[in-house]
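Here are my notes on the model, as numbered points. Please read them with the structure open.

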Amino acid sequence: MTSTRPRPDVLRRLRASGAARVHRVIRMARRRTGSIAAVVVLAVLAAVALWWARDTQQYGGNLLLNIGASFVGAIVTYALVNPLMAREEQRAEKVLDHFDHFSVIQHINDARSTVRIFETGVALLDDHYEQRFLAACNAALRGGVKIEILLLDPDCRAAEQRAEELRDSTTRIRELIRENLLALHRFRSGLSEDLRLRLEVRVYATAPLAAYYRWDRRALISFFPTNRSSENTNQYETSVESSFAQFVEQRFEESWDAPNTYTLQQYFELPIAIVRDGEQRATRADWVLRDGTMYLAHHTLIDHALAVGGVERVRVDLRHAEPWIGTRGLALCEEHAVHDFFEQKYGPSQRRTVLRVVAADPS
């Protein structure tokens, strides 16, 4: 019999949706309570003011005149101002039936303070849009804009699950993310130091919540449907002050600071230290994960192995790679598939001598 139990990722999204609704109800209740309290306070102050002014000359005429003026103001507000504000509020919330690449690129180009992207993989970096997207990012950076991009780790479990959801789609999500990261790494490396500081890219490993594109005080949000990319589903454009956007912003910040989130530099250059005679020499190495095993490639490691009499005597201290943090040993690796995996991550290059990370020999 086929199980009808919801998948764990569906349950997570339902819980998140429920939490958002509860949060929205609480905010509305607080706002309503505050409004009632304000009305009561103003009514008491008005009553006190009228009571103190009761002995002034022409009290009745002045009171009626002021009440009449207030009524006219209320009518103008109700008949003219409120409809205009309602129409403006309607324009602030939009639902689009697809992702408009050129519109988002233009918004990024025109941004004045903040750009944030929270995605699995960014379609703006495929062949059709990459040049325009990077040009827009460059223009925004030169204008003083801070750009923060969060992309899903292509080697994490969440990426595997998303790839499985898209198995019948033309989207190859893990390959797309690797291409995105390599393109952003090359773009960032070519920037001047001041512009490079304004562009931060990180790689997260938690379950993706929603695709999120923010420019200044506006945001575009969509969910991840099964068997098709988030580009081909409804897009919700809203203010960043909305409850919806605030919920995604909170998830962005949590993922940004999570302990298993890497910077772009750490993703391509893993911080390690070569351990020898009780001392450590800091360096960085190319690295990949494959089937739960970590592989390193760096000429300094090979030189050190020759100096100490063999790879099996090399010890390295890994600085940012859960769950491998700590002192590890190395072993030679001759798997050609691993070389191909390095090329997928770093692009075509000369053949590398690859070492496999193993548990350190306690002796």
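1. Where is the place of Asp317? Asp317 sits in strand S12, which covers residues 315–318. The model is a predicted one, and that applies to every point below. Asp317 has a relative accessible area of 13%. The cut-off for buried is under 20%, so Asp317 counts as buried. Leaving aside neighbours within four places in sequence, its contacts are Pro271, Ile272, Ala273, Val275, Gln280, Gly326 and Thr327.

2. A word on confidence. The protein chain has an average pLDDT of 80. A score of at least 70 is reached by 74% of the residues. Residues 1–6 have a pLDDT below 50. Beyond near neighbours in sequence, that stretch makes one contact in the model. Residues 14–18 also have a pLDDT below 50. Here the model shows two contacts beyond near neighbours in sequence. Where pLDDT is low, predicted coordinates should not be read in detail.

3. Next, the charged pairs. Side chains of opposite charge can pair when their charged atoms come close. How many salt bridges does the structure hold? The count is 14. One of them joins Glu148 and Arg116, with the closest N and O atoms 2.7 Å apart. The pair links distant parts of the chain. Glu148 belongs to strand S3 (residues 146–152) and Arg116 to strand S2 (residues 114–119), and the two are 32 residues apart. Both Glu148 and Arg116 are buried.

4. Arg116 has another partner to look at. Which residue is it? Arg116 forms a salt bridge with Glu253, and the closest N and O atoms are 3.5 Å apart. Arg116 is in strand S2 and Glu253 is in helix H8 (residues 243–256), so this pair ties together parts that lie 137 residues apart in sequence. The burial of the two ends is worth a look. Arg116 has a relative accessible area of 11%, so it is buried. Glu253 has 40% relative accessibility and therefore counts as partly exposed.

5. Now the pair of Asp257 and Arg202. These residues form a salt bridge, with the closest N and O atoms 4.0 Å apart. Asp257 lies in the loop between H8 and strand S8 (262–263), while Arg202 lies in strand S4, so the pair ties together parts 55 residues apart in sequence. Is Asp257 buried or exposed? Its relative accessibility is 58%, so Asp257 counts as exposed. Arg202 is buried, with a relative accessible area of 19%.

6. Some salt bridges share partners. Which residues do they join into one network? The network consists of Arg116, Glu148, Arg214, Glu249 and Glu253.

7. Back to Arg202 and its surroundings. Strand S4, where Arg202 is found, spans residues 199–204. Not counting residues up to four places away in sequence, Arg202 touches Ile149, Leu150, Leu151, Trp256, Asp257, Thr261, Tyr262, Thr263 and Leu264. Asp257, in this list, is also a salt-bridge partner of Arg202.

8. Helix H4 (residues 130–142) and helix H6 (residues 173–189) have axes that come within 12 Å and cross at roughly 40 degrees. Why are H4 and H6 called oblique? Angles under 35 degrees count as roughly parallel and those from 65 to 115 as roughly perpendicular. The crossing is at roughly 40 degrees, so H4 and H6 are oblique to each other. The crossing of H4 and H6 is right-handed. On the H4 side, the contact is made by Glu130, Leu134, Cys137, Asn138 and Leu141. On the H6 side, it is made by Ala183, Leu184 and Phe187.

9. Last, two backbone angles. Asp216 is not a glycine, yet its phi is positive, at about 50 degrees. Asp216 is placed in the loop between strand S5 (211–215) and strand S6 (218–222). With 17% relative accessibility, Asp216 counts as buried. Asp291 also has a positive phi, near 55 degrees, and is a residue other than glycine. Asp291 is found in the loop between strand S10 (279–290) and strand S11 (293–297). Is Asp291 buried or exposed? At 76% relative accessibility, Asp291 counts as exposed.

Notes:
Residues numbered from 1 in each chain as written. Heavy atoms only, no water. Helix = DSSP H or I, 4+ residues; strand = E, 2+ residues; numbered from the N terminus. Contact = heavy atoms within 4.5 Å. pLDDT = per-residue confidence, 0-100. Salt bridge = Lys/Arg side-chain N within 4 Å of Asp/Glu carboxyl O. Buried < 20%, exposed > 50% of the residue type's maximum accessible area, 1.4 Å probe, protein only. Axes fitted to C-alpha atoms, helices over the stretch in contact; angles between N-to-C directions. Parallel < 35°, antiparallel > 145°, perpendicular 65-115°, else oblique. Left-handed = near helix turned anticlockwise from the far one by under 90°.
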